[in-house]
Amino acid sequence: SLPLKRDVSESVFIDRDGNHFGHVLNYLRDQAAWTPPSNPDMLAALRNEARYFILPGMESQIEAALSGMRQHFCVQCQKYFKAEDN
């Protein structure tokens, strides 16, 4: 289960990145229509959100999108880069 924080009015407070949360909401609204973005850095960030919100279907779609890209992950800078054809 998700760790729920409540504010003084007893509303649930979710301390996550608002830019990524829109994708999570769109996925929850219509899973069949949601498509992962094509930016590998955004995909990596959204994969973390999918894991946080325990959305295995979203995580699977993101993993499929990432594996479909020919890319390399730079451990130092924590970013994905497209591989160049040799």
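Predicted model: local features only at pLDDT ≥ 70, side-chain atom pairs only at ≥ 80, totals over all residues.
Residues are numbered from 1 along each chain as its sequence is written, and side-chain values use heavy atoms, with hydrogens and water left out.

Next I read off the fold: three helices and four strands, in the order β-β-α-α-α-β-β (DSSP runs numbered from the N terminus; helices are H or I with at least four residues, strands E with at least two).

Then I checked burial. Of 86 residues, 26% are buried (under 20% relative accessible area; exposed is over 50%, partly exposed in between, with a 1.4 Å probe and protein chains only).

Helix α2 covers residues 40-52, and its 13 residues should span 18 Å at 1.5 Å a residue; the end C-alpha atoms are 18 Å apart, which agrees (expected span: 1.5 Å times one less than the number of residues). At its start, a side-chain oxygen of N39 comes within 2.7 Å of the backbone nitrogen of D41. Buried residues in α2 include P40, L43, L46, R47 and A50. I recalled that an α-helix has 3.6 residues a turn, so residues three or four places apart point the same way. After α2 comes I54, with a positive phi near 55°.

Last, I looked up I14: it sits in the loop between β2 (12-13) and α1 (18-29) and is partly exposed, at 39% relative accessible area.

Conventions:
Polar contact = N/O pair within 3.5 Å; in protein donor to acceptor, adjacent residues only side chain to side chain.
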